[in-house]
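This report describes a single protein model.

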Amino acid sequence: MKKLAIIRGPAGIGKTTIANSLVAKLGSNTSYLLHLDETRADIFQAYIVNSQKYDNVIAEMFYGGFHTTNPEEWLRYFPDDKYKKISIVLTAPLEDCLSGVIRRKHPSHFGISLDTVRTDYYDFYNTIKPLFRELINFPEIEVDNSRTKSPVMTVNLIFDKLQEI
């Protein structure tokens, strides 16, 4: 059975780093990184079509607009009879997320102010996280991705969880 892992968390928490490392560990020939924050419909549709060719789809999402508020629109491409699914929420202190935005020059972080990172951090944990959780019908786990932990440890933990589902 194929697998869909949705890695979620606020800006700067390390979603892209963890997702890319997980794809590498699972094997890039069998795994695909799906960007759920893409809001341009034509590009998102192309991502969905491409993802169907792979056994492991590792998705990353902070907000994603309607991908968060209306997940059944895109989850229909990952039917329960073909995919085992899990939502993985990365957790870390606000200071780690601020540091992540400052240190990493990820395109999604260009022009983002630290005040915005602070606001988004609290919005994610207080609003976005529980909203998405309420709208999905598969397991969700929280994984500590604070800067005191090695990203390799986080990837290995998620890898092990994927083997269990």
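In which helix does D115 lie? D115 lies in helix 6, where helices (H or I, at least four residues) and strands (E, at least two) are DSSP runs, numbered from the N terminus.

## Basis of the values

The model is predicted, so local features need pLDDT of at least 70 and side-chain atom pairs count only at pLDDT 80 or more, while totals for chains, interfaces and linings use all residues. Residues are numbered from 1 along each chain as its sequence is written, and side-chain values use heavy atoms, with hydrogens and water left out.

## Nonpolar cores

A nonpolar core is a set of buried Ala, Val, Leu, Ile, Met, Phe, Trp, Tyr and Cys residues joined through side-chain atoms within 4.5 Å. Buried means under 20% relative accessible area, exposed means over 50%, and partly exposed is in between (1.4 Å probe, protein chains only). In soluble globular proteins, nonpolar side chains tend to be buried together.

The largest nonpolar core has 25 residues, and the members that touch the most others are I7, L22, I58, I88, L90, I158 and L162. At least two residues of this core come from each of strand 1 (2-8), helix 1 (15-26), strand 4 (83-91), helix 5 (94-103), helix 6 (114-135) and helix 7 (151-164). Helix 1 gives the most, with 5 residues. Apart from this core lies another of 17 residues, including L4, L34, F78 and F132.

Contact means heavy atoms within 4.5 Å. With neighbours within four places in sequence left aside, I7 is in contact with K15, I18, A19, L22, I58, A59, E60, M61, I88 and L90.

## Helix 5 against helix 6

The buried residues of helix 5 are L94, D96, C97, L98, G100 and V101. Helix 6 is included in what covers them. Two packed helices are described by the angle between their axes and the distance between the axes. Here axes are lines fitted to C-alpha atoms, for helices over the stretch in contact, and angles run from 0 to 180 degrees between N-to-C directions.

The axes of helix 5 and helix 6 come within 10 Å and cross at roughly 135 degrees. That makes helix 5 oblique to helix 6; angles under 35 degrees count as roughly parallel, over 145 as roughly antiparallel, 65 to 115 as roughly perpendicular and the rest as oblique. The crossing is right-handed, a term for the near helix being turned clockwise from the far one by less than a right angle, with anticlockwise giving left-handed. L94, C97, L98, V101 and I102 of helix 5 meet L114, V117, R118, Y121 and Y122 of helix 6. These residues divide into 9 nonpolar, no polar and 1 charged, where Ala, Val, Leu, Ile, Met, Phe, Trp, Tyr, Cys and Pro count as nonpolar, Asp, Glu, Lys and Arg as charged, and the others, Gly among them, as polar.

## Helix 1 against helix 7

Helix 1 and helix 7 pack at an angle of about 55 degrees, and their axes are 10 Å apart. The two helices are therefore oblique to each other, and their crossing is right-handed. On helix 1 the contact is made by I18, S21, L22, K25 and L26, and on helix 7 by P151, T154, V155, N156, I158, F159, L162 and Q163. By class, the residues of this contact divide into 8 nonpolar, 4 polar and 1 charged.

T154 of helix 7 counts as buried, at 2% relative accessibility. Leaving aside neighbours within four places in sequence, T154 is in contact with I18, L90, V143, D144 and N145.

## Individual residues

D115 counts as exposed, at 54% relative accessibility, and its C-alpha atom is separated by 9.3 Å from that of L98, 17 residues apart along the chain. Y121 also lies in helix 6 but counts as buried, at 11% relative accessibility. Not counting residues up to four places away in sequence, Y121 touches P10, A92, P93, L94 and C97.

I13 lies in the loop between strand 1 and helix 1 and counts as buried at 1% relative accessibility. P79, in the loop between helix 4 (72-75) and strand 4, counts as partly exposed at 28% relative accessibility.
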